[in-house]
Amino acid sequence: MERVVGLINKLQQICTQLGDTAGNSILVDKLSSIVVVGGQSSGKSSVLEAVVGRDFLPRGTGIVTRRPLVLNLVHVDDEKAAEYGEFMHKQGQKFFDFDKIRQEIEDETERLLRNQPGSKAVSPVPIYLTVYSPLVPNLTLVDMPGLTKVPIDGQPLSIVQDLEEMCRQYIKGDNAIILAVTPANADLATSDALRIAREVDPTGDRTIGVLTKVDIMDKGTDCREILLGKSLRLKHGWVAVVNRGQADINKKMTMNEARGKENEFFKGVDSYRDLDNTGTDYLSKKLSTHLINEITRKLPEIQSYIDKTVHDYQSQLKALGHDVTGNRGKMLHLILTICQKVEKAFNKIVDGGEGGGERVLEVFDVKLKEAIHKLPFDKILTLKNVRNTINEADGYQPHIIAPEAGYRRLIEDGLTLLRDPSARAVEQTHQILKSIVTQAINEVTELQRFVNLKSEILAHSAVTLDRLKESSEATVRTLVDMEGSYLSANFFREIVAAESFSYDPSRPKPQFVTLTGEILLEKRYDGLSAADAHLARISDHVSAYLQIVRSQLLATVPKAVVHCTVVPAKDNLLAELQEEVAGKEEDQLRRLLNENEEVARQRDSLQKRLTLMERAAREIMQFRV
């Protein structure tokens, strides 16, 4: 029993060092404990002191207990051993004088509440006290502040709600054993302890009832029916006790004398003489046995939770990364490793489907194609525009065979239209790659804590992509300009030959398709005057030629953009940054690795919690050996 209570004591201490309290920590709520609840003046403190066999709790009127007291009782086998207490907040200091223990409880309560904002009269932060004695059972109890119905003595108006909410936090967990202390000389229907116990334990499976002040019940009345479970059933039953009254305390009655007086009372009353669930001795043994059984039953679940929590903390710490301290070589290695991870993430997204390479493909296969097909070539190829363009190109000299200058002018006008969508494809790809850089940076978890390095990577990526964009723009512009710089004369010779009688019928019939998809040689110009038919034929010739150029650009522009932007970005996105950091001094590297303060706080907090949870895991492992 001593080992079990000792283990729970250590685990509770770990919870305190974690800053966890009941209701806000799974581990705290998994630890089986006996929580003592009752209204003010219910005799709750007297019950605890009777179990311990010492006066050590603050006394007075109003709210005396203002913070939960986690009381660990450790039985010492040596009957001659001195009794003493130890507080967790004063580890190593032994209190042999129980009056000083009472004073320390009051002082520690004041120290905490004095620094709390507002006018809170109570606090859920517990005080931990361990009492070593040959006279106590192995037991862990949590003494809660007494419940009240009406604020008094200048208490804040919220005191009633504060007390009840604090109490609920400690007893709502399935592992909390509720010790509901109620005066036997009062109506059970008005009991604060039973009311709040029923809220969280409506079936009474976790509640043990304690009846105090049995000796001062009205004459002719007793609590036998309750003790037999006939009046109000609780799974773990009821226990009746008789504590010292104020007169007994004033007379300096010892605990041994009080125990003797209690035994005489229950033996001397016919209603209780045959019952075995009476007296402080019985209560102590019942609580100790019940607690040990509950703890032993729950231990595998506690160990499983601690092991899982340790693993989770380790994973979270790994994601945050270790503290960056060390020499220049270590820092340089870390920076280069992070850069490589960003580049790897960037390449993976670019080569991937949705959200990555698929968006670039959409620029070429959908947006560029739609933009080029929507160009207003029809305005250039109207008979009126063809006539005006040819006349302006040839001036006053009539063309003898074909209006070559006019042809060139019409083609150049068409090529001018192709420049904008081609350049837009470059810009759209550029914007997609910039967004992919942001995605890649966000995917490298360990980079998030280094705000300066993150900014540098973002800036250098932007510079690289801007430079590659300029290269793509120049190449695409050249592709379009090349089409205007040299016209394919064979194309027009083929058209003329196909339309003339001298065309060799043995050769395969060529297919000349206009921008509208019409086959040129199958067109008829019936109904047009000879002059208009001539202009219409020129328009169709230019249309067929622009169709070829359009098809070529739909194939070559994507190649140019990929060759000049996408591939170099994949190969050298952060090459300049890596070359630059290789020449930086140690202090410059440290500035780059000046991590986010919030991440540093998270890591420090996680490391502390991990250390404590690993300690908890070792305690359980040693216990089970």
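Visitor: To begin, does Cys167 count as buried or exposed? After that, please walk me through helix α6 and the strands β7 and β8.

Guide: Welcome! This is a predicted model, in which local features need pLDDT of at least 70 and side-chain atom pairs count only at pLDDT 80 or more, while totals for chains, interfaces and linings use all residues. Residues are numbered from 1 along each chain as its sequence is written, and side-chain values use heavy atoms, with hydrogens and water left out.

Cys167 counts as buried because its relative accessibility is 1%. Here buried means under 20% relative accessible area, exposed means over 50%, and partly exposed lies in between (1.4 Å probe, protein chains only). Another cysteine, Cys564, is also buried, at 10%. As for disulfides (pairs of cysteine sulfur atoms within 2.5 Å), the count is zero.

Now to the part you asked about. Helices (H or I, at least four residues) and strands (E, at least two) are DSSP runs, numbered from the N terminus. Together, β7, α6 and β8 make a right-handed β-α-β unit. Right-handed means that, with the strands pointing away from the viewer, the path from the first strand over the helix to the second runs clockwise.

Let us start with β7, where eight of eight residues are buried.

Two strands pair if DSSP finds at least two bridges between them. β1 and β7 run parallel and are joined by six bridges, with Val35 standing opposite Ile178 of β7. β7 pairs with β8 in the parallel sense too, again over six bridges, and there Leu179 has Ile208 of β8 as its bridge partner.

These strands belong to an open sheet of nine, with mixed pairing, in the order β4-β3-β5-β2-β6-β1-β7-β8-β9. At its edges stand β4 (94-95) and β9, each with a single partner strand, so one side of each has no neighbour in the sheet. An antiparallel pair in this sheet is β2 (residues 69-75) with β6 (residues 139-143), held over five bridges; Leu69 has Asp143 of β6 as its bridge partner.

Next comes α6, which spans residues 192-200 and has Asp192, Ala193, Leu194, Ile196 and Ala197 as its buried residues. What covers them includes β1 (33-38), α5 (159-171), β7 (176-183), β8 (207-212) and β9 (238-240). At the N-terminal end, Ser191 caps the helix, with a side-chain oxygen 3.4 Å from the backbone nitrogen of Ala193.

The helix carries charged side chains as well. Arg195 forms a salt bridge with Asp192, their closest N and O atoms being 3.5 Å apart; a salt bridge is a side-chain nitrogen of Lys or Arg within 4 Å of a carboxyl oxygen of Asp or Glu. Because Arg195 and Asp192 are three residues apart in α6, about one helical turn separates them. Asp192 is buried, at 9%, whereas Arg195 is partly exposed, at 30%. Both take part in a network of salt bridges that links Glu164, Glu165, Arg168, Asp192, Arg195 and Glu199. In total, the count comes to 33 salt bridges.

We finish in β8, where Thr207 lies. Thr207 is buried, with a relative accessible area of 2%. Its side chain makes a polar contact of 2.7 Å with the side chain of Asp201. A polar contact is a pair of N or O atoms within 3.5 Å; within protein, one must be able to donate a hydrogen and the other to accept it, and residues adjacent in sequence count only if both atoms are side-chain atoms. Leaving aside neighbours within four places in sequence, Thr207 is in contact (heavy atoms within 4.5 Å) with Ile178, Ala180, Ala197, Asp201, Leu234, His236 and Gly237.
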